[in-house]
Amino acid sequence: KRWADYRGVAREQVMAIGDNYNDIEMLAFAGQPFIMGNASEELRSRGWAVTASNDHNGVAAAIEQALGARVEV
């Protein structure tokens, strides 16, 4: 949030990718939150978009999805 505010970036333009409890605040702020396929069950229950796991290029798949590319996850 501080970085976005400092740079004048709207919340809706922020993408976050996480997989564990320490990422909850970041994901809740982001306008485009993604959780890794191997994320904790608590994160999965929050309804955020799920990407592939760490071992299957999940970050790349999330970025492609956010940019509108067609990706199979």
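Reply: Buried means under 20% relative accessible area, exposed over 50%, and partly exposed in between. The model is predicted.

Me: Is Arg46 buried, exposed or partly exposed?

Reply: The relative accessible area of Arg46 is 39%. Buried requires under 20% and exposed over 50%. Arg46 therefore counts as partly exposed.

Me: With which residue does Arg46 form a salt bridge?

Reply: The closest N and O atoms of the pair are 3.1 Å apart, and the cut-off for a salt bridge is 4 Å.

Me: How many salt bridges does the structure hold?

Reply: One of them joins the side chains of Asp5 and Lys1, at 2.8 Å from N to O. The number of salt bridges in the structure is 2.

Me: Is Lys1 buried or exposed?

Reply: Lys1 lies in the segment before helix H1 (2-7). Its relative accessibility is 59%, and the limit for exposed is over 50%. Lys1 therefore counts as exposed.

Me: Which element gives the largest share of the lining of the largest pocket?

Reply: The lining consists of Lys1, Val14, Met15, Ala16, Glu25, Met26 and Phe29. Two or more of these residues come from each of strand S1 (15-18) and helix H2 (24-29). The largest share, 3 residues, comes from H2.

Me: How many charged residues are in that lining?

Reply: The pocket holds about 160 Å³ of space. Its lining has 5 nonpolar residues and no polar ones. The number of charged residues is 2.

How values were computed: Residues numbered from 1 in each chain as written. Predicted model: local features only at pLDDT ≥ 70, side-chain atom pairs only at ≥ 80, totals over all residues. Heavy atoms only, no water. 1 Å grid on protein atoms, 1.4 Å probe; cavity = no way out; pocket = protein on both sides within 12 Å on 5 of 7 lines; lining within 4 Å. Points joined across faces, edges and corners; volume = space filled by probe spheres on them. Helix = DSSP H or I, 4+ residues; strand = E, 2+ residues; numbered from the N terminus. Nonpolar A, V, L, I, M, F, W, Y, C, P; charged D, E, K, R; others polar. Buried < 20%, exposed > 50% of the residue type's maximum accessible area, 1.4 Å probe, protein only.
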